[in-house]
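Work through the two exercises below with the model open. Each task is followed by a stepwise solution.

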Amino acid sequence: MDKPFKTLDEQVELLRRRGMGCGSHAQLLLLREGYYAVVNGYRLPFLDPVASGRADDDRFLPGTSLDDVHALFCFDRELRAATFFRLMSIEGLMRSVLSYVFCNRHRQTEAYLRPQSYSRQRDYLRGEASFEGDLEWMINTLEHHARGVEAQGGAGATASPERRDARTDARVAHYRQNHDGVPLWVLFNELTFGNLKYFYALMRREEQEEATGRLWEACERGGTSPLTRKGVFHDLEELVAVRNTCAHGERLYDYASEETGHRSYRELLGVMGRYLTPAEEAKLRSEVEALAKRYLHEHPRLERALVGVALGRA
């Protein structure tokens with residue numbers, strides 16, 4: 001069925017027919033934020049399932065207003081911002097620890113361009129069938145950034161399309177022009193979080209095991225690291241996906257991951273907490289709690305939407 005274009009007047013009229021209250025500012029709100037982003041993205045907690053079933057169309061719970069739906073949209077925007085800020089810290093942690101562990105064991109400046117510097121096929125965390133294509137793609141990607149050589153396709157290229165454009169970081173350009181090669185810790189600034197996930201998967205088993213300890217140490221956690229090489233990889237898969245959710249403005253408040261089985265934002269906080277210092281984790285939890293309380297105080301009808309988020313301390 002085609003979805004014909006609707007003017008702002010028609011959009012407001014449609015919402016009113018479906019039982020949503022719309023004030024005099026509704027048109028400006030929809031013009032500024034977009035009907036699809038606000039209504040299609042955040043209407044579900046406000047729908048009346050019985051009335052919607054009878055009408056075979058959306059029907060909103062009595063008393064629902066566009067302001068309620070927009071408040072949930074704004075809450076989620078602020079939640080993404082707080083989450084993304086901490087994800088940037090985790091990404092920085094990964095850049096530092098992975099480059100340190102690799103370079104400590106491979107002292108040649110551009111050892112990362114040698115296939116023998118990486119995992120054995122049978123140890124590859126993404127499976128033996130993906131190993132050759134992913135390794136070729138990773139080395140080509142690194143060579144592209146280190147020497148300006150265009151990266152070629154491979155299994156990883158299809159799975160990780162978020163490669164940056166051809167611009168060169170000034171630090172990388174400096175090493176190209178003034179030194180014999182570009183060290184990995186410099187080159188890592190050119191890679192995306194998704195690239196780092198693949199790099200970690202391709203590291204040798206013993207290097208991954210060292211990295212788990214270094215990650216725990218860097219986060220100021222005491223005792224023996226409970227992190228495992230496979231566990232870190234699965235966490236990276238989830239964190240990269242959430243990073244992209246935040247960057248692209250997708251819904252986060254009702255977070256769920258089919259891959260990990262996590263069904264709430266609270267569970268996501270547990271994953272992030274493994275790669276934050278105790279102080280950073282506590283601050284993030286506090287920020288999220290305060291954000292939820294503020295929105296619930298100003299917009300009580302959001303309780304229905306936020307009850308499933310399971311925010312708060314574990």
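**Exercise 1: a helix pair**

In this predicted model, helix 5 (residues 66-105) packs with helix 12 (residues 229-247) at an angle of about 135°, and their axes are 10 Å apart.

Task: Classify how helix 5 and helix 12 lie to each other, then state which residues meet.

Solution: 

1. Start from the angle of about 135° between helix 5 and helix 12. Roughly antiparallel needs an angle over 145 degrees, and roughly perpendicular covers 65 to 115. Helix 5 and helix 12 are therefore oblique to each other.
2. Helix 5 and helix 12 make a left-handed crossing.
3. List the contact. Helix 5 supplies Arg80, Thr83, Phe84, Leu87, Ile90, Glu91 and Met94. Helix 12 supplies Leu236, Leu239, Val242, Arg243, Thr245, Cys246 and Ala247.
4. Sort the residues of this contact between helix 5 and helix 12: nine are nonpolar, two polar and three charged.

**Exercise 2: the cysteines**

Task: Find how many disulfides the model has, and check Cys219 and Cys246.

Solution: 

1. Two cysteine sulfur atoms must lie within 2.5 Å.
2. Check Cys219. The closest cysteine sulfur belongs to Cys246 and is 18 Å away, so the distance is too far for a bond. Cys219 is buried, at 2% relative accessible area.
3. Check Cys246, one of the helix 12 contact residues. The closest cysteine sulfur is in Cys74, 16 Å away, which is too far for a bond. Cys246 is also buried, with 10% relative accessibility.
4. Conclude. The count is zero disulfides.

Conventions. Residues numbered from 1 in each chain as written. Predicted model: local features only at pLDDT ≥ 70, side-chain atom pairs only at ≥ 80, totals over all residues. Heavy atoms only, no water. Buried < 20%, exposed > 50% of the residue type's maximum accessible area, 1.4 Å probe, protein only. Axes fitted to C-alpha atoms, helices over the stretch in contact; angles between N-to-C directions. Helix = DSSP H or I, 4+ residues; strand = E, 2+ residues; numbered from the N terminus. Parallel < 35°, antiparallel > 145°, perpendicular 65-115°, else oblique. Left-handed = near helix turned anticlockwise from the far one by under 90°. Contact = heavy atoms within 4.5 Å. Nonpolar A, V, L, I, M, F, W, Y, C, P; charged D, E, K, R; others polar.
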